[in-house]
Amino acid sequence: MGKLDIVAEPGTQGIVITRVFDAPRALVFKAHTDASLIKKWWGPSRYTTTVEQLDAKPGGIWRFIQRDAGGDEYGFHGVFHEVAAPELIVQTFEFEGMPGHVSLETARFEEGDGRTTMTGISVFQTVEDRDGMLQSGMEGGATESMERLTELLRTLA
């Protein structure tokens, strides 16, 4: 429906991502907390995503593994700090290929006129960590993930 908007103010530790989906908020929220749905949209399509663990409640942990065609694996994990269905998820995010570089992510889901605006805020420990994430190809991966999520939501609506 909408395009992905990414804002990263120079010299700050944050990234703000906004996307509008033509789907009800409860469904967009569910797609972020249901393992059977996450594996269908999370990450670029050149990888398969396995949801190894997902306990979407305060103190619960999550771990996803992506595999490429050659069998290489890339792990990601975090801890849920707040989960308030269907409006809010606060969690940590860590790429296991760069341990110790943890960001705090907040996703807000707001509904209006049958559409949902998702606003994601990622706060990194340092400006350098934030800039490293931007330089890693994050924008392309996030854009493709949101396109895949849009298609999935169309099939579920």
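Proline 86 sits in the loop between strand E5 (73-84) and strand E6 (88-95); strands here are DSSP runs of at least two residues and helices runs of at least four, numbered from the N terminus. The peptide bond from alanine 85 to proline 86 is cis, with omega near -5 degrees. Most peptide bonds are trans, and most residues other than glycine have a negative phi.

A quick note on the model: it is predicted, with local features needing pLDDT of at least 70 and side-chain atom pairs 80 or more, while totals for chains, interfaces and linings use all residues. Residues are numbered from 1 along each chain as its sequence is written, and side-chain values use heavy atoms, leaving out hydrogens and water.

Next, aspartate 113, in the loop between E7 and strand E8 (115-124). Aspartate 113 has a positive phi of about 55 degrees although it is not a glycine. For accessibility, buried means under 20% relative accessible area, exposed over 50%, and partly exposed in between (1.4 Å probe, protein chains only).

| Residue | Relative accessible area | Class |
|---|---|---|
| Leucine 104 | 37% | partly exposed |
| Aspartate 113 | 80% | exposed |

Leucine 104 belongs to strand E7 (residues 102-112). Together with Val7, Val16, Ile121 and Val123, Leu104 forms a nonpolar surface patch of about 330 Å² accessible area. Areas come from the Shrake-Rupley method with a 1.4 Å probe, counting only the protein chains shown as cover for residues. Patch members have over 30% relative accessible area and no salt bridge; nonpolar side chains (Val, Leu, Ile, Met, Phe, Trp, Tyr) are joined within 5 Å, like charges within 9 Å. A salt bridge puts a Lys or Arg side-chain nitrogen within 4 Å of an Asp or Glu carboxyl oxygen.
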